[in-house]
Amino acid sequence: MAKLCIDGKKTEGHINPEIYGQFAEHLGRGIYEGIYVGEDSEIPNTNGMRNDVVAALKEMKVPVLRWPGGCFADEYHWKDGIGPKQNRKRIVNVNWGNTVEDNSFGTHEFFELCKQLGCKTYINGNVGSGTVQEMEEWIDYMTFKGESPMANLRRENGHEDTWSVDYFGVGNENWGCGGNMTPQYYANLYRRYQTFVRDYDNEKPIAKICCGANSDDYEWTEEVMKTCHYKAPEHLHGFMDGLSLHYYTIPRGDWTNKGSATKFDKDEYYTTLYKTKYMEELIRKHTNIMSKYADPKDVGLIVDEWGCWYDVEPGTNPGFLYQQNTMRDAMVAAINFDIFNHNCNVVRMANIAQMVNVLASSILTEGEAMILTPTYYAFHMYRFHQDAELVHTYLTENSLVGTKEGEQIEKITQTVSKGSDGILNITMSNLSVDSEETVDVMISGVENIKVLEASSLNGKMDACNTFEQTDAVQEMEFTEYSLEGNMIKVVLPPCSIVLLRVSE
Ligand code: AHR
């Protein structure tokens, strides 16, 4: 039996809402079909955005959205995606299946989507194949209030007001699809390009994100931090506000045989979770290097691509990265969320790859039908941690699970936070495939506790929702707990996430 001790009076850091960020790339059916269907579609929409998808995402609470890529970002020329739609360039999406990209979803549409979702914006600029001028003009187009050729063009295209660009990525994966650069080469380019990401609006400075490492490429982090970090005097902007990190969980660790999203055994389930836990080490090692050069308050880690990457669903376009999503993915999300939350003093933002119909999606669509995945419910249950304070906890008697030697993981993973309303949000996950766990949750510093709300998500490790059975996995009311003074005895089902909201 495990014990979770919570010190309700001691907090350890602020959980930035952006840790629960999303990512939507021009890739497969991620944007077209999945989010944007156009004003003339028979699928109910508002200014071209699917009403069903937007409503579900609002309910899940999206704090920030990254766009337009991914690899697509370093081939994207933003001027292709503005102005009358019939005049927009039709280009080839060379990264993702050589499909025709008609640019009907561009800058204006992105901001419209973020407005509908009520979220912050994270735009990824093009360093790989774009010019400094192009990047400078994009910033001008989006954020310059006065008169300039670009600001005037924005007005001609029907948008008088500027938009708020909260985060701007200066390139994506520039060690790979974004130009195959060495860290030294990219670092110098970064210094140059970021100069032209100007803060036209001092009240809303743009947080500049420098392209960080692929997984455990610590040399990249060292070189880029060494060359790029510059902390400006108080009234000026430094060279960077964040450094990104990409880490995907690939069950078989082999790009040509990653493993199926739905057909896997117990060994592969535990291997997947074990590999996900590696995120902890990556964050520790990268941020140790970063902290030699900058205070984490000034330059945060931005894990802007994470999640499971499997073989595509049989019969689907390999370039579309479409995969199903099971309870295993919900457990992967819970592990990552807990790691990010417990590292909230250094992790400023994280963006799951991706939001709809691509990789570890929260939503899948087929024509006018839509399903919510286990990952969706994990986000939904963790939403209370957004903008809350991380509460000091420790877990004892947490046994190990796993089937392979050397790949054992702790059975329970958890986060406890306190919202501005004073409510304690407790999320606990039982990673075991087949054994339940009773957890004694001991809360100190809070008198006469009351459980206000309790829900759970659980099922077989490979349980998923399909278009035939849309509700096989869903968040349900949870009753397997009892209150004994300031202790809550909770029985966690196998393969589950449980949420308890507790007040005095
Ligand atoms: O998310 C899919 C792709 O994975 C992104 O385009 C790229 O940045 C990464 O390699």
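**Note on the ligand site, pockets and cavities**

1. The ligand has 14 residues around it, and Glu25, Cys71, Glu173, Tyr248 and Glu305 come nearest. A residue counts as near a molecule if one of its heavy atoms lies within 4 Å of it. By class, this shell holds 7 nonpolar, 4 polar and 3 charged residues. The classes work like this: Ala, Val, Leu, Ile, Met, Phe, Trp, Tyr, Cys and Pro count as nonpolar, Asp, Glu, Lys and Arg as charged, and the others, Gly among them, as polar.

2. A word on the basis. This is a predicted model, where local features need pLDDT of at least 70, side-chain atom pairs count only at pLDDT 80 or more, and totals for chains, interfaces and linings use all residues. Residues are numbered from 1 along each chain as its sequence is written, and side-chain values use heavy atoms, with hydrogens and water left out.

3. Cys71 uses a backbone N or O atom, 2.8 Å from a ligand oxygen. Glu173 places a polar side-chain atom 2.7 Å from an oxygen atom of the ligand. For Glu305, a side-chain N or O atom is 2.7 Å from a ligand oxygen. The ligand taken alone exposes 280 Å², and the protein buries 94% of that. These areas come from the Shrake-Rupley method with a 1.4 Å probe; for residues, only the protein chains shown count as cover.

4. The search runs on a 1 Å grid over the protein atoms alone: a cavity is a set of points where a 1.4 Å probe fits but cannot get out, a pocket is an open set with protein on both sides within 12 Å along at least five of seven lines, and lining residues have an atom within 4 Å of a point.

5. The second largest pocket holds about 280 Å³ of space. Its lining has 21 residues; closest to the centre are Glu173, Asn214, Tyr248, Trp255 and Trp309. Strand E11 (residues 242-249) gives the largest share of this lining, 3 residues. Helices (H or I, at least four residues) and strands (E, at least two) are DSSP runs, numbered from the N terminus. The lining splits into 12 nonpolar, 6 polar and 3 charged residues.

6. The largest pocket has about 340 Å³ of space. Volumes are the space filled by probe spheres set on the grid points, which are joined across faces, edges and corners. Of its 18 lining residues, His108, Phe111, Glu112, His159 and Trp163 lie nearest the centre. Helix H2 (residues 107-117) contributes most to the lining, with 6 residues. The classes here are 5 nonpolar, 7 polar and 6 charged.

7. How many cavities of 30 Å³ or more are there? The count is 3. The largest cavity has about 70 Å³ of space. Its lining includes Thr143, Trp163, Arg198, Asp199 and Lys204. By class, that lining gives 4 nonpolar, 3 polar and 4 charged residues.

8. The second largest cavity has about 50 Å³ of space. Among its lining residues are Tyr76, Trp78, Glu134, Met135 and Trp138. Helix H3 (residues 132-143) gives the most to this lining, with 3 residues. The lining has 4 nonpolar, 4 polar and 1 charged residues.

9. Some backbone details deserve a look. Trp67 and Pro68 are joined by a cis peptide bond, with omega about 5 degrees. Pro68 lies in the loop between strand E5 (64-67) and strand E6 (91-93). The Gly69 to Gly70 peptide bond is cis, with omega near 20 degrees. Gly70 is found in the loop between E5 and E6. Lys61 is not a glycine, yet its phi is positive, about 75 degrees. Lys61 lies in the loop between helix H1 (51-60) and E5.

Conventions: Polar contact = N/O pair within 3.5 Å; in protein donor to acceptor, adjacent residues only side chain to side chain.
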